[in-house]
Amino acid sequence: MKDNQHVVFLWTGKVEKTDFFYLCLQSLKLVSDCNIHVITPFLKEGSSETLNELGVNVIHFDRSLWDNRRIACKVERIQEFLFSLPDKSQLLVFDGDMLFLKDPFEAFNAPFDYVYTTRHYNYWAPTNAGCWGFRVNEDSKKFINFYADNMINPTWGPYVKWRLDHPHARGLQEQDWWIEQDFSSCIHINRDSVNKKGLGFDIITYDAGPQFNFIITTETPLNIQNYIKNKTSYVLHFKGSSFNRWVNGVNSKDELLKNKISLDFKDILNLIKK
C-alpha cells in the first residue's frame, strides 16, 4: 500500500458485490496500490462490511450536512480530508461510476497543486467533476479553503458571473448540484490568471485531460469493449444517468451495465488484467 496516495469517493445507500460501484472499486484495486476511502452520510445495512472486506476505509458524517446541499457538502468533506493528510500526499476524488484501466496516479507526473479534467467533446461546461484532486501542500490548502468558501458564499468574480448566467440553475444559492463542475470550469477558463496569483495566492492548476475521465455516454458496446481492451484512457466514466444507475437514490444491479457493455463483471476485470 502506498501511504501517500489516496482516492476518495462520496457514496450513499447500498454497496453490494453485484453493483457497478463494487466493480469500480475492484478495477481501481487492480491498477493501483493506493488507499481507498468512502466518505458517506448513510449506507444500507451490510454495506460498510462489504467495503471493509475489500480493504476500503469508510468514513461517516452526519446526514444533516448532506441533504439538499450534496455538492457543497462533498467539497467540505474533501477539505477536511485533505487537511488530515501529511504534506506531499497525493489525493484524487472520483465519481462512483468509473472504470479504472490504468493507474490514475500517473497524473502526478505533472507538476500541479490542483488537478481537474476537461471533456473530449464540446459542451457548455468544458470540465467534468468526475475526477479532480490535489498534491497536498500549503498552496493546495489555501485553494481548497477558497473553493469550499465559494460553494457557500460565491465571491470570485468569474464564478459569480457563471452562476448568474447558468443554463440550468441560475443564481448564487445553489449548493446541491452543478457547482463542483461550475467551479472547475471557471478555473479552466481563467487558468492563466489563476496560475499567476489571480486568486490572491500561489496555486498551480492543471488539466489532466479527458484520458483520466473519459466519458462514454454515447458509445456503442463494441467501442466500450475496445476502450477497455486497448486502455487508451486511464479511466472510463459511465455517467450513471446513461444506464439508469440511480434508482431511488442508490445504484442498481449490474444487469443494466451489462446492457451497456455486453460483458459481465468478471469479463471486464479480466480485460483490465491483460
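Arg69 has a relative accessibility of 17% and therefore counts as buried, where buried means under 20% relative accessible area, exposed over 50% and partly exposed in between, with a 1.4 Å probe and protein chains only. Its partner in a salt bridge is Glu76, with 2.8 Å between the closest N and O atoms. Glu76 is buried as well, at 15%. By salt bridge I mean a side-chain nitrogen of Lys or Arg within 4 Å of a carboxyl oxygen of Asp or Glu.

A word on provenance: this is a predicted model, in which local features need pLDDT of at least 70 and side-chain atom pairs count only at pLDDT 80 or more, while totals for chains, interfaces and linings use all residues. Residues are numbered from 1 along each chain as its sequence is written, and side-chain values use heavy atoms, with hydrogens and water left out.

The structure contains 13 salt bridges. One of them joins Arg70 and Asp176, at 2.9 Å from N to O. This pair connects distant parts of the chain, 106 residues apart: Arg70 lies in helix α3 (residues 70–84), and Asp176 in the loop between α5 (157–164) and α6 (179–189). Helices here are DSSP runs of H or I with at least four residues, strands are runs of E with at least two, and both are numbered from the N terminus. Arg70 is partly exposed at 31%, whereas Asp176 is buried at 18%.

Lys161 and Asp165 form another salt bridge, their closest N and O atoms being 2.9 Å apart. Lys161 is exposed, at 54%, and Asp165 is partly exposed, at 43%. Through shared partners, salt bridges also join Arg69, Glu76, Arg77 and Glu80 into one network.

I turn now to the nonpolar cores. Which residues touch the most other members of the largest core? They are Phe9 and Ile228, in a core of 51 residues. Such a core is a set of buried Ala, Val, Leu, Ile, Met, Phe, Trp, Tyr and Cys residues joined through side-chain atoms within 4.5 Å. Helix α1 supplies the largest share of this core, 8 residues. Of the 12 residues in α1, 9 are buried, among them Phe20, Leu23 and Val31.

Finally, a second, separate core has 39 residues, including Cys73, Ile179, Phe183 and Cys186.
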